[in-house]
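Please look over the sequence and the model below.

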Amino acid sequence: MNIHEYQAKQVFAKYGVPTPKGIIAETVDQAVENAKELGGPVWVVKAQIHAGGRGLGGGVKLAKSLDEVRELADEILGMQLVTHQTGPEGKKVNKVYIEDGADIKDEFYLSVVLDRAAEMPIFMASTEGGMDIETVAEKTPEKIIKIEVDPAIGFQGFHARELIFGLGITDKEEQKKLMKFAAAVYEVYMDTDAEMIEINPLVRTGSGDFIALDGKMGFDNSALGRQKFIAEMRDITEEDADEMEAAKYGLSYVALDGEIGCMVNGAGLAMGTMDTINYMGGTPANFLDVGGSANAETVAKGFEIILKNPNVKAIFVNIFGGIVRCDRIANGIIEATKITDVNVPVIVRLDGTNAPEASEILKNANIANLIVGDDLGDGAAKAVAAAKGEK
Amino acid sequence: MSILVNKDTKVIVQGFTGKEGTFHAEQCLAYGTQIVGGVTPGKAGQTHLDQPVFNTVKDAVKATGATVSMVFVPPAFVGDAVMEAAEAGIELAVIITEGAPVKDMQMAKAHATKHGMMTIGPNCPGVITAEECKIGIMPGMIFKKGKVGLISKSGTLTYEGANQVCKAGYGISTAVGIGGDPIIGLSYKQLLQMFQDDAETEAIVMIGEIGGDLEIQAAAYIKENITKPVVAFIAGQTAPPGKTMGHAGAIISGSAGTAKEKMDALSAVGVEVVVSPAEIGKAVTKVMG
């Protein structure tokens, strides 16, 4: 789960990571009120969406008067903000964060993520702040410092020293401040079950303070149960409505732009099925994992969600029944065709536990539009042919 | 021969009396696995599925001599359970539980390593040595005894792959589902080496996914250490960038961890890479000559 910048800064504040003062607004009037309260003389008006690159997309702007705050808030609120992370359709801005302008001396980059190979958190820091870190990694990888932190010992002095010397901080007071800053960031990471913290830029001010000018945080979904404070920050307007509807029924769904709807058990096989359709000359319309406990209701819901997509010309149901028994899935498909009007060809491939029984059930049901696939390759080929209108 | 587990392996179940633990322990017993007891705190002295229940893993190990634990403990407590197993002298913990917090697994894995305990999973189907010992949730009947070792991140793709290998007439020595979470136990490298050293295994199938770089590391390892033929499939060639496809590990960010990158790395070291999982059986036939 991801959260907004203003929320990340609330989390930072709780752990003593310095941030500029700011207040969130949902209307233009509120934005101006917030600016008055902050006092000025300059403010930053920042679009709140779950995507990076907001500045370049025109979602972050500097205001030098209350009139400018009003103007900019009016411009940004409700806009469809397009960045390199939103896709071409962009994301609608529902909230703006009004923040005190900072006295920026220079900009750094700091993040903490899980290093999967080392199996521990890793700090990444760079003097190239304010830039896209992927670009820095590609062009000047030597400018990125990486510091692994073993959770068994926590964030120690030597970690902090590696950071300050690596970033070329020479002033004693500044060194102390940045060491404290990094230790607090580590505490945020561990304590909130974060998956990722990115502060870009981390700025040094004219008076030698370090503050998080931006903040991006993502969390381990498996840990949200024990992170109530974080879980409450979920913004459902940032999530895909169909994906959420699917999740309610234990289905994992992602829309794609092809023509063949897919319903599969298991994430790996679901991706493998999409790959097979692609390999055979078709295009997958979605990823849909029905999970381990598929029944008539979930299968029916799956059909309903797939068929909402007007591009779907055929559906490929590919189930390898392990613990899920194929006869139950077959009955589920028959029930589903009664509940939902399935008006495209459905290719069904059931293998594994009780597959012969399932095959009998489907044959005897006499459902128009239903085609049986013998194995993964055969089923995918039939689905591709059906989507092209071939028999 | 086989790897990791065989007909003599003694297994206990952590989370023995719960719904999942009970159902799958029953299936494993029916397959012939030597399940010699289980652990559910507070239920010591009871008998479940005709096997003794213990309060702690230490007690269970002492009384039964078990060396492997199959873990079905709920996600919030799984880290604790794995660390307990490590300290009790268990040699291999097979963690089936889905949805374990990453931080907990990180701690548990480090602790397991410190105590010399191997782990498999979490969020995986488990390990099976065909017709001898099944520790996990896979449908046992598709695994016929044979000469192909299988390593897979995905559950149902393990079944798909094994089924094709068996239908092609070769059979499976041992199959291991390693799971797709960010922190996992045994991975390609260690398992490839075990299969390389196993006299019974003649070829290896590895099934990977987008996200992370384990398959890239495996490719480098194969180049230096593995002489047996390897067939590979990487799921997620058609997955859109930046989206999670069910498995927490399957996130592509930027260019790292794409299916293409992994397929190229494996092809470059002589692995028979297939574009669709439907081709696994054929590819095994090809490399087995």
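**Domains and strands**

In this predicted model, chain A is divided into domain 1 (1–19 + 103–238), domain 2 (21–101) and domain 3 (241–387).

Take domain 1 and domain 2 of chain A together. Their C-alpha centres lie 23 Å apart. Where the two domains touch, 8 residues of domain 1 of chain A are in contact with 8 residues of domain 2 of chain A, contact being counted when the C-beta atoms, placed from the backbone, lie within 7 Å. On the domain 1 side, helix α1 (residues 5–14) of chain A gives the most, with 3 residues. By residue type, that side of domain 1 of chain A divides into 1 nonpolar, 3 polar and 4 charged residues.

Now turn to chain B and its strand β4 (residues 51–54), which pairs with strand β2 (residues 34–39) of chain B and runs parallel to it, joined by 2 bridges. In this pairing, B:G38 stands opposite B:V53 of β4(B).

Strand β4(B) also pairs with strand β3 (residues 47–48) of chain B; here the strands run antiparallel, and 2 bridges join them. B:T47 stands opposite B:P52 of β4(B). Strands β3(B) and β4(B) form a hairpin with 2 residues between the strands. In this hairpin, B:L49 takes a positive phi near 50°.

To sum up the strands of chain B, β4(B) runs parallel to β2 and antiparallel to β3.

How values were computed: Residues are numbered from 1 along each chain as its sequence is written. Chains are lettered from A and ligands numbered from 1 in the order in which they are written. This is a predicted model: local features need pLDDT of at least 70, side-chain atom pairs count only at pLDDT 80 or more; totals for chains, interfaces and linings use all residues. Domain bounds come from an automatic or database domain assignment. Helices (H or I, at least four residues) and strands (E, at least two) are DSSP runs, numbered from the N terminus. Ala, Val, Leu, Ile, Met, Phe, Trp, Tyr, Cys and Pro count as nonpolar, Asp, Glu, Lys and Arg as charged, and the others, Gly among them, as polar. Two strands pair if DSSP finds at least two bridges between them.
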